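Please open the structure in your viewer and keep the selection panel at hand. The stops below say what to select next and what is there.

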Amino acid sequence: MKYVRHVSTRVTPQWEQIPGSTQIPNSAGGYAFPVDDWVRLDRFLILGSEGGSYYAGERELTRKNAEAVLRCIKQDGLKAVARIREISHSGRAPRNDPAIFALAMAAKLGEEPTRKAAFAAVPDVARTSTHLFQFAEAVQAFGGWGRATTRAVAGWYEREKVGELAYQAVKYRQREGWTHADLLRLSHPKAPSAAHKELYAWIVDGVVPADAEALRQIEGFEQLQKATAAVEAARLITEYKLPWETVPTELRSSPEVWAALLEEMPLTAMIRNLATMTRIGLLVPMSEATRKVVGELKDRERIRRARVHPMAILAALKTYEQGHGERGKHTWTPVQQVVDALNEAFYLAFDNVEATGKRWLLGVDVSGSMSMGAVAGVAGMTPRVAAAAMTLVTAATEPHHVVMAFQGSFVPLGISPRERLDDVVRKTNGLPFGRTDCAQPMLNATERKLKIDAFVVYTDSETWYGQIHPVQALQQYRQKMGIPAKLIVQAFVANPFSIADPNDAGMLDVIGFDTSVPALISDFAVN
Ligand code: CA
């Protein structure tokens, strides 16, 4: 019987479809399972499309994702809006830009109830002025401002807590080509209180408020703009709890000023300004400031409350430890304790999980296609670097694990959670590129007779090179080893493919760098 050598549902080369399956061609000349538009919406919200992918430029990848978002909006607009709100509000995504973009699409391109829901979600999704400016801009792209946009923006400025609004007004004065004055002129909010009225007048006409207690930060801001001495500036910053954005440029290299800023600095701003605070001499070994920074970075509660995303920490670590900015203009000497604290903070920023005690094989795809694009828009954060970082999260929790890297074959890459993240990033970056065979983790485990309960494959599912599909390799593994092993696929590119078979209950498709992923996959491994 020669025919079965050519066609079999148990062993099919990756460049052919498994007979009778729902597989579709991927971009690499192989076959993978399609994911539905809702998964694509989630992938877009979490991974974004910055830098494109190996197979598509940024424009093309964004366009394809926007089409998927639009199909969700047309299919069930209320569900789409709820999803956008949930992912944005929970802090599961590294960046809010995709959520703002998707929300603007729902607000302008959805049916009436969808549009209503989208505008109602504006305060939850556009939490800062920057987000609101982005929303104002995105709405322009999808048909322009209408009455509903005007109402939503006015509502943002009519919120009860006028002190919060004053903080937003001094902190972000302009972004994305928009200012608060622009938005106030366009939206005409009705001032709910005298203090609101005074605040609007300050924003639009520069009229300094008399002495409303809630608007004290405006007064502080005005005084700070006139300050020339660092001592005076530091006093104002402390007294009025002013953020660093309010500090005049010429005072931004003073350690005194930064020491005052650090007192009330939000954690996200602190993480972003570590290099600056080191360069100007505030963060040095043994200093009080260093002790404070390190303490906060190791405080899980604080990290969770501030919704600091692990990707932001990883990006900060990557820049900080190299001692110079991306363009090389500024240099600093990294403080070792800060580097170590960032390393710890990365793990703390994920949802807390307990070890399952299962046996894990963590297989990271380091093939050529994983080396292009910037996950969540972070420069240098290629999918494979992001994937290597994600393996450490599970490896750090689970005592029984093996980490392997693969392309068309096994690639030696000794990484372990005992290593610092930035070393892992550097090591992963330095690997050569090759073709892709996502069946390698299962094949390798079969060959070495490794006892594995859960395979996690970190990939873009653009697999094409192997003689057998990953799902078939898993079935072979289960049979040969007598272990009902599961397969979890973590996606690192917002494309429509997965190597996980949606019809196999032992397989799960999730998104890399979703903060809820460690909890999700340990649940799946146990149940
Ligand atoms: Ca590949």
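Begin by colouring domain 1 and domain 2, whose centres, taken over C-alpha atoms, are separated by 28 Å. The bounds to select are 265–349 for domain 1 and 354–526 for domain 2, as they come from an automatic or database domain assignment. This is a predicted model, in which local features need pLDDT of at least 70 and side-chain atom pairs count only at pLDDT 80 or more, while totals for chains, interfaces and linings use all residues. Residues are numbered from 1 along each chain as its sequence is written, and side-chain values use heavy atoms, with hydrogens and water left out.

Next, select the interface, where 15 residues of domain 1 are in contact (heavy atoms within 4.5 Å) with 17 residues of domain 2.

Finally, move to the calcium ion, which is coordinated by Ser367 (OG), Ser369 (OG) and Thr436 (OG1) at 2.2 to 2.4 Å. Donors here are N, O and S atoms within 2.8 Å of the metal (3.2 Å for Na, K and Ca), and because water is not among the atoms, the site may look incomplete. Both serine 367 and threonine 436 are buried, that is, under 20% relative accessible area with a 1.4 Å probe, protein chains only.

Definitions and conventions
Buried < 20%, exposed > 50% of the residue type's maximum accessible area, 1.4 Å probe, protein only.
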